[in-house]
Amino acid sequence: MHKPIFMITRADDCGSNHSANLGILKALEGGVLKNVSVMAACPAAEEAAMMFAGRTDICFGLHFVLNAEWDNIKWGPVSDPAAVPSLVETSGFFSQSPSYFKEHPPVMVEVMTELEAQFQKLGELGFHIRYVDTHMMPDWVIPGLEDELRAWCSARGLIYWGDYLFQDLDVSDGDDPVADHINQVESLRAGQYLLVTHPAVDSEEMRALGNAYESGPQIAKNRQNDSLFWANPQLSAEYRRRGIHPIRYDEAENPGRT
């Protein structure tokens with residue numbers, strides 16, 4: 001008898017562009033991906049709503065955005081930039097890294113104003129948001145933001161991802177990532193785990209991304225591999241055979257709960 005493994009299966013960056021939306025659509029075909037995090041501040045959020053918002057088989061989260069990491073692709077706040085000046089550079093766009101906030105501490109009221117704006121936008125687009133996570137984890141950089149997000153989520157009956165920090169797994173770049181993943185899971189103790197990916201299709205749009213740490217072509221390749229990983233019928237078959245349970249955030253046990 002296999003030990004019970006519960007896996008929060010998550011795709012990030014929905015709405016970031018058309019290629020990400022297509023990659024997530026493909027990934028969902030496999031039936032193992034249960035959570036999709038949506039970026040309200042990005043140009044394909046409206047398209048994402050048309051493609052996904054009506055689905056009840058997926059747990060949707062707000063992927064709270066305060067940074068735009070690519071060299072040539074930029075985005076800014078949902079709020080009027082003039083209303084949240086501490087969150088943007090002089091260009092009116094978000095900075096590339098959360099480390100920007102170490103030298104330019106944001107005004108917390110402005111952070112929460114932008115959080116509310118992003119949440120409201122996704123609601124207006126038809127998404128039923130159940131959890132909040134963060135793009136590039138500014139809550140680990142901005143003092144006090146974790147507590148603010150936790151309180152904000154609690155007041156709205158939402159899950160804050162920082163309270164569900166199970167062991168974080170990843171998808172290998174080997175010849176058989178499904179087999180590599182199953183082998184990794186076989187070595188785990190019974191419990192809850194988290195697998196976060198960034199599905200997309202390899203396209204000129206994706207190859208236009210990139211920065212000093214990762215080239216556009218490598219990003220496109222890696223993210224297409226994530227999409228194909230989830231869509232692979234071998235993955236769902238192995239999960240069923242071995243009693244691995246893919247779960248939504250709203251099905252997971254809060255590790256801090258007594």
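The model is predicted, so local features need pLDDT of at least 70 and side-chain atom pairs count only at pLDDT 80 or more, while totals for chains, interfaces and linings use all residues. Residues are numbered from 1 along each chain as its sequence is written, and side-chain values use heavy atoms, with hydrogens and water left out.

Asp13 is a place to begin. Asp13 lies in strand S1, residues 5–14; helices (H or I, at least four residues) and strands (E, at least two) are DSSP runs, numbered from the N terminus. Although Asp13 is not a glycine, it has a positive phi of about 70°. Asp13 counts as buried because its relative accessible area is 4%; buried means under 20% relative accessible area, exposed over 50%, and partly exposed in between, with a 1.4 Å probe and protein chains only. Asp13 also forms a salt bridge with Arg223, with 3.1 Å between the closest N and O atoms. A salt bridge here is a side-chain nitrogen of Lys or Arg within 4 Å of a carboxyl oxygen of Asp or Glu. Arg223 belongs to helix H8 (residues 216–231) and Asp13 to strand S1, so this pair ties together parts that are 210 residues apart in sequence. Both Arg223 and Asp13 are buried.

By the salt-bridge rule, the count comes to 16. Another of these pairs is Glu46 with Lys121, whose closest N and O atoms are 3.4 Å apart. This pair links distant parts of the chain, since Glu46 is in helix H2 (residues 45–52) and Lys121 is in helix H4, 75 residues apart. Glu46 is partly exposed, at 36% relative accessibility. Salt bridges that share partners also join Glu186, Glu238, Arg241 and Arg242 into one network. Lys26 and Glu29 form a further salt bridge, with the closest N and O atoms 3.2 Å apart. Within that pair, Lys26 is partly exposed with a relative accessible area of 36%, whereas Glu29 is exposed at 57%.

Ser86 gives a view of polar and packing contacts. Ser86 sits in the loop between strand S3 (59–64) and helix H3 (100–103). Ser86 counts as buried because its relative accessibility is 15%. The side chains of Ser86 and Glu110 make a polar contact at 2.6 Å. A polar contact is a pair of N or O atoms within 3.5 Å; within protein, one must be able to donate a hydrogen and the other to accept it, and residues adjacent in sequence count only if both atoms are side-chain atoms. Leaving aside residues up to four places away in sequence, Ser86 touches Phe101, His104, Pro105, Pro106, Val107 and Glu110, where contact means heavy atoms within 4.5 Å.

The cysteines come next. A search of the whole structure finds zero disulfides, a disulfide being a pair of cysteine sulfur atoms within 2.5 Å. For Cys42, the nearest cysteine sulfur is that of Cys14, 10 Å away. For Cys59, the nearest is that of Cys153, 12 Å away. Cys42 is buried at 2% relative accessibility, and Cys59 is buried at 0%.

On the surface, Met137, Trp140 and Leu165 form a nonpolar patch with about 310 Å² of accessible area together. Patches are made of residues with over 30% relative accessible area and no salt bridge; like charges are joined within 9 Å, and nonpolar side chains (Val, Leu, Ile, Met, Phe, Trp, Tyr) within 5 Å. Accessible areas come from the Shrake-Rupley method with a 1.4 Å probe, and for residues only the protein chains shown count as cover. Met137 is located in the loop between strand S4 (129–134) and helix H5 (145–155), and is partly exposed at 32% relative accessibility. Met136 is also found in the loop between S4 and H5. Met136 is not a glycine, yet has a positive phi of about 70°; its relative accessible area of 29% makes it partly exposed.

Two glycines in loops remain. Gly126 lies in the loop between helix H4 (108–124) and S4, and is partly exposed at 40%. Gly126 and Ala11 are 115 residues apart in sequence, and their C-alpha atoms are 19 Å apart in space. Gly174 is in the loop between strand S6 (167–169) and helix H6 (177–186), and is partly exposed at 32%. Between the C-alpha atoms of Gly174 and Ser203, 29 residues apart along the chain, the separation is 21 Å.
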